Amino acid sequence: FPDLRFLALLGCRVGIAGSWRPAAAQVVEALSGRAFLETRFVGGKTYQLVGTGLRKKFVIKVYAMGLYVEQAGAKAAYAGGASNPQSFVIGGGFGKQMVLRFLRDVDKGKIQDAYKESLQGALAGATASDAQAFIQLFDRDVKQGNEVVIQADEGGKLSVSIAGQRKEGPTNPALAKAVWEIWLGAKPIAPDARKTLVDRLSSLK
């Protein structure tokens, strides 16, 4: 007779309709221990993880982060390689996501102030109104364990999701570039993460 315990376990793994799927691969951000899926699916498209990093304020760990690029578009653009990985992502004509896993509570006022500081150039130029609209998307306090997702599609359409609640932002390619420069630009808010956020970019080959 078959081992009923084995069949029960098999049923849990496979399911009546054969719906079992292998666990998705993950990458652990070393300094925080937070795991990020190697791929995410957004609007029917696959986004691929190209690196992780940690944002600290002095010695306090604020959030772990994972940077994703829209796989098909980024692979096509990367066919010839990238001499400057950060510039490749900032200026690339493909979708991007930054996934932030918060390691502490942060109120919305502090979050908005941080983006105002990081986007000073955008707030002073032609993108000022759109930059202000983007900052206003951070309208909720963030709790430890919450996930915040910042996304820009290939056309520069921005959106922000906080703990699963998504809000649509402006469409402005210049502003979108300024957003990615927060982490990847010449004066990033997390200097050590500027390199690690793109250290898996070669996996696009």
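Trainee: Is Asp 139 buried, partly exposed or exposed?
Mentor: This is a predicted model, and in it Asp 139 has a relative accessibility of 27%. Buried would need under 20% and exposed over 50%, so Asp 139 counts as partly exposed.

Trainee: Which residue forms a salt bridge with Asp 139?
Mentor: First the general idea: side chains of opposite charge can pair when their charged atoms come close. Here the partner is Lys 167, with the closest N and O atoms 2.2 Å apart. Lys 167 sits in strand β9, while Asp 139 is in the loop between α6 and β7, so the pair ties together parts that are 28 residues apart in sequence. Lys 167 is partly exposed too, at 37%.

Trainee: How many salt bridges are there?
Mentor: The count is six. Another one of them joins Arg 166 and Glu 168, at 2.7 Å between the closest N and O atoms. Arg 166 is partly exposed at 46%, and Glu 168 is partly exposed at 45%.

Trainee: What does Glu 147 pair with?
Mentor: Glu 147 meets Arg 101 in a salt bridge, 2.8 Å from N to O. Glu 147 belongs to strand β7 and Arg 101 to strand β6, so this pair links parts that are 46 residues apart in sequence. Check the accessibility as well: Glu 147 is partly exposed at 24%, whereas Arg 101 is buried at 18%.

Trainee: Which residues are linked in a network of salt bridges?
Mentor: Arg 101 and Glu 147 again, together with Arg 40.

Trainee: Now the strands. How do β4 and β5 run, and how many bridges join them?
Mentor: They run antiparallel, with 10 bridges between them.

Trainee: How many of the residues in β5 are buried?
Mentor: Keep a general point in mind: in a regular strand the side chains alternate between the two faces of the sheet. Strand β5 covers residues 60-70, and nine of its 11 residues are buried, so by the under 20% cut-off this strand is mostly covered.

Note on methods: Residues are numbered from 1 along each chain as its sequence is written. This is a predicted model: local features need pLDDT of at least 70, side-chain atom pairs count only at pLDDT 80 or more; totals for chains, interfaces and linings use all residues. Side-chain values use heavy atoms; hydrogens and water are left out. A salt bridge is a side-chain nitrogen of Lys or Arg within 4 Å of a carboxyl oxygen of Asp or Glu. Helices (H or I, at least four residues) and strands (E, at least two) are DSSP runs, numbered from the N terminus. Buried means under 20% relative accessible area, exposed over 50%, partly exposed in between (1.4 Å probe, protein chains only). Two strands pair if DSSP finds at least two bridges between them.
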